[in-house]
Amino acid sequence: MNSASRATAAFVAAGLACFASPVTALDGEVKIGMITTLSGPGSGLGIDVRDAFALALKDLGGTLGGVKATVIEADDQQKPDVAKQLADRMVERDKVDVVTGIIWSNLALALMPSLERAEVFLLSPNAGPSQLAGKQCNPFFFGVAYQNDGQHEAMGQHMQSQGIKRAYLMAPNYPAGKDALTGVKRFFKGEVVGEVYTTVGQLDYAAELAQLRAAAPDGVYIFYPGGMGINFVKQYEQAGLKGKVPLFGPGFSFSEDSLPAIGDAALGVMNTAQWSGDIDNPQNKKFVQGFEAAYGRLPSVYAAQAYDVALLLDSAIRKTGGALADKAALRAALQAADFKSIRGDFKFNTNHYPIQDYYLREVVKDDKGRLTNVIRGTVFEDHADPYAAECKM
């Protein structure tokens, strides 16, 4: 960990100590390794994850399940080798009980072998690779957000229902990108006139947009999180394609962390997600209001997922009475998911991925002129990923 990361970790730990609570904490301490992306084009995602997890801890009085919580934070720089080094160091030196924060599926896959050997749980606030959902499912991995295909499957279904005949599909060339387009094609039954995988981190799409225009599709589906999506959607409008060829995507390509930078080019785009800021339940209202009050911005789907990670962990530790060394008991408590998710109903399938609803959302401006999403319908109810049957846990 570099000096900046150590300083950040110390700051976070000190900040948590200030979260006074009338609840008497149990003996002991739970250590959380927060490994996430805090620099580069994908940093907005990691910052939202970090901030939402910190907000949840504040709301919980600085404890998880009544046990004092300490967060050790580090920037994975969106690099698998860096993430693995950080995880190994946190396990060996810091003795963390849980790792969270991972955004990217290739990083999650890089971490799991050593975390499993150390019997340290990875609670993913975003990455949900198909490998860990099926034959490589892992007792120490919980995909708290979704299985990667889910949002894409929902949009594939919506595109099919809208009568799109010829679709052009684009995603970065890494595990989640391949899961994305696989998910779309699972439910979209029209003709795929282009399936393009671009370089991870690519920011200039001039050549790809020229090829897209030549293909003359009825609709375009993209999966580009973070800076990739910001640049693509702006360039899509600049190329004169907005309003001519409908653009569709998953919620994380049109999430509140990116919308301010995309600007009006995103207005009207339909996207699919398992969470939205306008879900009407008390815990979601508290989260949205608390996040905006704490950070002066609207929460994204990434923030929502990280907040739920903390609530899940709080419920599991409470259920075990703080017995963190009992891995089997903690795993069973996590699997039970006995908490009030800000998404509403939440349960894990046998492969440690959620069974949940997926919504159709539209990018609009709120009454303060800020870009955000509103729910326009429900695409799937109690949707399970297609890989669970292959999991032998």
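In this predicted model, the axes of helix H5 (residues 149-161) and helix H6 (residues 175-187) come within 7 Å of each other and cross at roughly 35°. Axes here are lines fitted to C-alpha atoms, for helices over the stretch in contact, and angles run from 0 to 180 degrees between N-to-C directions. Helices (H or I, at least four residues) and strands (E, at least two) are DSSP runs, numbered from the N terminus. Residues are numbered from 1 along each chain as its sequence is written, and side-chain values use heavy atoms, with hydrogens and water left out. Because the model is predicted, local features need pLDDT of at least 70 and side-chain atom pairs count only at pLDDT 80 or more, while totals for chains, interfaces and linings use all residues.

The crossing of H5 and H6 is right-handed. A crossing gets this name if the near helix is turned clockwise from the far one by less than a right angle, and is left-handed if anticlockwise. On the H5 side, Asp149, His152, Glu153, Gly156, Gln157 and Gln160 take part, and they meet Asp179, Ala180, Thr182, Gly183, Val184, Arg186 and Phe187 of H6. Three of the residues in this contact are nonpolar, six are polar and four are charged. In this count, Ala, Val, Leu, Ile, Met, Phe, Trp, Tyr, Cys and Pro are nonpolar, Asp, Glu, Lys and Arg are charged, and the others, Gly among them, are polar. Contact means heavy atoms within 4.5 Å.

H2 contributes Leu45, Asp48, Val49, Ala52, Phe53, Leu55, Ala56 and Asp59, and H11 contributes Tyr302, Ala303, Ala306, Tyr307, Val309 and Ala310. Here the residues divide into twelve nonpolar, no polar and two charged.

As a general point, an α-helix has 3.6 residues a turn, so residues three or four places apart point the same way. Buried means under 20% relative accessible area, exposed over 50%, and partly exposed in between (1.4 Å probe, protein chains only).

Within H7, Leu209 is buried at 6% relative accessibility. Leaving aside neighbours within four places in sequence, Leu209 is in contact with Phe232, Gln235, Tyr236, Ala239 and Leu241. Ala239 is 30 residues from Leu209 along the chain, and their C-alpha atoms are separated by 7.5 Å.

Backbone angles come next. Most residues other than glycine have a negative phi, and most peptide bonds are trans. Just after H7, Ala216 takes a positive phi of about 50°. Gln77, in the loop between strand S3 (67-75) and H3, has a positive phi near 60° and is partly exposed at 34% relative accessibility. Glu119 has a positive phi near 55° and sits in the loop between helix H4 (105-118) and strand S5 (121-124). With a relative accessible area of 40%, Glu119 is partly exposed.

Ile72 in strand S3 is buried, with a relative accessible area of 11%. The C-alpha atoms of Ile72 and Gly33 are separated by 5.0 Å, although the two residues are 39 apart along the chain. Met90, found in helix H3 (residues 80-94), is buried with a relative accessible area of 1%.

At the level of the whole chain, the domain assignment gives domain 1 (3-146 + 279-348) and domain 2 (150-273 + 358-390). These bounds come from an automatic or database domain assignment. The centres of the two domains, taken over C-alpha atoms, are separated by 27 Å. Across the boundary, 25 residues of domain 1 are in contact with 26 residues of domain 2.
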